[in-house]
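Q: Can you walk me through this one? I'd like to go through a few spots one by one.

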Amino acid sequence: MKDIISVSVRSLVEFIGRSGDIDNRRRAVPEDAMLEGSRIHRLLQRQGGPGYRAEVALNYTVEGENYDLRIDGRADGIITLDDRVTVDEIKGVYRDLKYLDAPVEVHLSQAKCYAYIYAADQGLKEISVRMTYCNLDTEELKYFHFGFTFGELSYWFRELIRAYRKWADYFFEWRKVRDASIESLPFPFPYRKGQKELSEGVYRTIFHGRRLFLEAPTGVGKTLAVLYPSIKSIYKNLTEKLFYLTAKNLTASVAEDAFLLLRKGGLSFKTVTIQAREKLCLLAEPSCNPQDCPYAKGHFDRINDAIFDLLQTGDEYGRETLRSYGEERRVCPFEMALDLSYFADGIIMDYNYLFDPHVKLQRFFGDGVKGQYLFLIDEAHNLVDRAREMYSAFLFKEDFLLVRRKILKDFPKCASSLSSCNTELLKLKKSGGDFSIDPDISAFLTVLRRAAANYGDMLEELGKEGKQAGDEVLRLYFAIRDFLNIAEDEDSNYVNYSELQEDGSFLLKLYCVNPSRNLRKYLDKGRSAVFFSATLLPVNYYMDLLSGDRTDYTMYAASVFRPENRGVFIGTDVSSRYQRRTDSEYERIAGYILSAIEGRRGNYMVFFPSYAFLKQVHERFAFLALDRDIDCVLQDPYMGEERRRSFLSLFQEGDLSQVEVGDEELKAQIHMEIEVEKRRTLIGFCVMGGIFGEGIDLKGESLVGAIIVGTGLPQVCHERQILKEAFDGQDLDGFNYAYLYPGLNRVLQAAGRVIRTEKDRGFVLLLDDRFLGRAYRRLFPREWNNIERVERRNVGDRIREFWKQGEAGSTEILGEEESGSIEIREEED
């Protein structure tokens, strides 16, 4: 049986037919709004009449010597009227249709593909195409009609396939190389205890096309244990592409390192890491038009040749490779990364490239597009809050007045519609007071839709003149679009509210309480998904908010470390409750910290619920630690990337003299007081849930203790109370869903910074008597089975005893090592 190379109609015509410049001046108004226009599609299809068939699946196979090329897609409509057949291609757009003199060439090519496939299947000698454009704001329609003979379409289609043939040949040859390497790929290390079972659990999930929630403590080796069976599933034709989704760049580097390790073992597997446009841009600031950027000018004329050459030079396409090659070939590195994703076997990317409706990869996750994709969602606990942000929308009243003033002279019609929006928001402000839940926004939505249409016309005119709107103007435009799209898709998972901010501004927000429905819409575009993290407790909470399906598979990987290597202590006479935040309590906490670290010189991190709390305790600790061999370094809310690396290097290198502190003005600006003298004890004062509270890997002597002040509960605010009441209304424990579970996750993530390998020893000290309660202890990791209660008077002695016990103890890993590969066997459903 010959191999099959598959490509969608849309991907085929967009890839082969593109040319010219990248120009965001003309793309400020989206030309193709398929997701936003799905409602319009359904409306027009229902109005098509008895001769109209909607959403017609089509496919065509071009036979070849070594493989067959399969082209498939879905025509919006097939119209049969009086023996005349017409293919209808519907495009929802925001632009004023008076500016549209002809269909977009790529759109017409898509329709011609469908026409050829349908005519070939039905034996038609001629067929028509109707391009239907619909303005999403006004629902105005504009049609373009074309007639073709089958001979004309045949010649055009053959030329299209001829242009694509070298890419299909590449796919065929590469897959042979890749699959042969996967077939013989060994697991890179002897299996740790339980790691093999973990890998087999992942493979079974993929085989059955299910979702898995996997909690795997630090040190289990979860990244490789998840990746290895995932790669094997591609060889077994269960999946066609692997998406490794991360919340932070640091997690992305972990995935890159894992792929590199597997390549050293013989794997041939192409991966691309997609980062934000700003991180890949070759200019000081992105300005994506041919006037400002030489890489944008003629980009589409050069990009296909550049990609083909790059595919021959290596298998890993990270930031440095993309930037250097983009500069050499004069193409945009970000756009090149997006195009490489089509040819890559694995794609490492942020959550938003799958789940965010505004920036998702349209070629894989657009409306009506799906595939045998595998989603590996790392640090999945982060996705709850990220998803709420993605699927919520908000507007500020003051922004309408700001933009109105800027455009009043040149665009009075648009300015007038913004004034109408401001008037309706003013009514909501007066009627709702400081805070109002579920205000009636129907009148506001009416004027907002009108404003959006006028806004689009204004941007279209600017684009035709080669001008670009200012940042504030564009920002409000996209905020309006976002708001309208969310409003159209709202359901019972949303709560709307208005709020008067501390600075006097007025906010109207569509708040997504439970994002599971939105997330599942994108999860369903693939075959299988694995959510994994060191902290997914309780798992029902994450299932409710990430997939909404408690029948998903779950798996808990036991820790492989000896329990005596980790000391876990709870301070019983200390609290971070708001009513206890007094000078005496700050002094008590500072004393706890000093006593805890006196038993052993080394590196420690202390995690606080807020920066204000951190500073209060640090002031008192600095006084207690005078004339001692202790250095303190403080996390700052305004740390840039370079400062973050400097902060971490203190722990990783253990030598303060290696860090460039900079001048006094810069030190004052970031509030970091680092004494440039080598000491033997270093304490990092950090914030729970911040950049150092998770995702950093400090092994061995880099970190020997984590002290966690408080339970991590989010501050009480209107949104948290909305969550509490919403989940209470669903017969779930609203306090736990809004406060306890998110807070404890921050605690457990911070605790996970210590004990990173089987040879590490260290302790976790929890400073809050609330940790003694059953509500908290039932959520502690299973491996925390040696918790000890301490008080201020004896904490130093108990931790010294912990260190002494370890001096004679073994730090070997628990259990026997297992070698070999996992057995991949076919299973019956």
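This is a predicted model: local features need pLDDT of at least 70, side-chain atom pairs count only at pLDDT 80 or more; totals for chains, interfaces and linings use all residues.

**A chat about burial, the sheet and salt bridges**

A: Let's begin with His299, which is buried, at a relative accessible area of 0%. Buried means under 20% relative accessible area, exposed over 50%, and partly exposed in between, using a 1.4 Å probe and protein chains only.

Q: OK, where does His299 sit?
A: His299 is in helix H9, residues 299-311. Helices (H or I, at least four residues) and strands (E, at least two) are DSSP runs, numbered from the N terminus.

Q: And which residues is His299 in contact with, leaving aside its neighbours within four places in sequence?
A: Gly20, Asp21, Ile22, Val331, Cys332 and Glu335. Contact means heavy atoms within 4.5 Å.

Q: Switching topic: what's the strand order in the open sheet?
A: The order is E21-E22-E20-E23-E24-E19-E25, seven strands with parallel pairing. The edges are E21 (631-634) and E25 (787-790), each pairing on one side only. From one strand to the next, the twist averages 20 degrees. Two strands pair if DSSP finds at least two bridges between them.

Q: How many bridges hold E21 and E22 together?
A: Four, in the parallel sense, with E22 covering residues 682-687. Cys632 stands opposite Ile683 in E22.

Q: Which strands does helix H22 lie across?
A: H22 (residues 611-624) lies across E20 (603-608), E21, E22 and E23 (705-709), at about 155 degrees to E22. Helix H26 (residues 734-751) packs on the sheet as well, touching E20, E23 and E24 (762-767), and its direction makes about 160 degrees with that of E23. For those angles, axes are lines fitted to C-alpha atoms, for helices over the stretch in contact, and angles run from 0 to 180 degrees between N-to-C directions.

Q: Now H20. How many of its eight residues are buried?
A: Six of the eight residues in H20 (residues 539-546) are buried, so that helix is largely enclosed by the rest of the structure. The buried ones are Tyr541, Tyr542, Met543, Asp544, Leu545 and Leu546. Just after H20, Gly548 takes a positive phi of about 70 degrees.

Q: Electrostatics next. How many salt bridges does the structure hold?
A: There are 46. A salt bridge is a side-chain nitrogen of Lys or Arg within 4 Å of a carboxyl oxygen of Asp or Glu.

Q: Give me one. How far apart are the closest N and O atoms of Asp315 and Lys270?
A: They are 2.8 Å apart, and the two form a salt bridge. Asp315 lies in the loop between H9 and strand E10 (316-317) and Lys270 in the loop between helix H7 (249-264) and strand E9 (271-274), so the pair ties together parts that are 45 residues apart in sequence. Lys270 is buried, with a relative accessible area of 2%.

Q: What about Asp385 and Arg388, where do they lie?
A: Both are in helix H14 (residues 383-390), three residues apart, about one turn of the helix. Asp385 is partly exposed at 38% relative accessible area, whereas Arg388 counts as buried at 4%.

Q: And which parts of the chain does the Asp769 and Arg577 pair link?
A: Asp769 is in the loop between E24 and helix H27 (774-777), and Arg577 in the loop between strand E19 (566-571) and helix H21 (583-597), 192 residues apart. Their salt bridge has its closest N and O atoms 2.8 Å apart.

Q: Last one: what does Ala452 touch, not counting residues up to four places away in sequence?
A: Asp137, Tyr477, Ile480, Arg481 and Leu484. Ala452 is found in helix H17 (residues 442-464) and counts as buried at 0% relative accessibility. Ala452 and Thr138 are 314 residues apart in sequence, yet 9.9 Å apart in space, C-alpha to C-alpha.

Methods
Residues are numbered from 1 along each chain as its sequence is written. Side-chain values use heavy atoms; hydrogens and water are left out.
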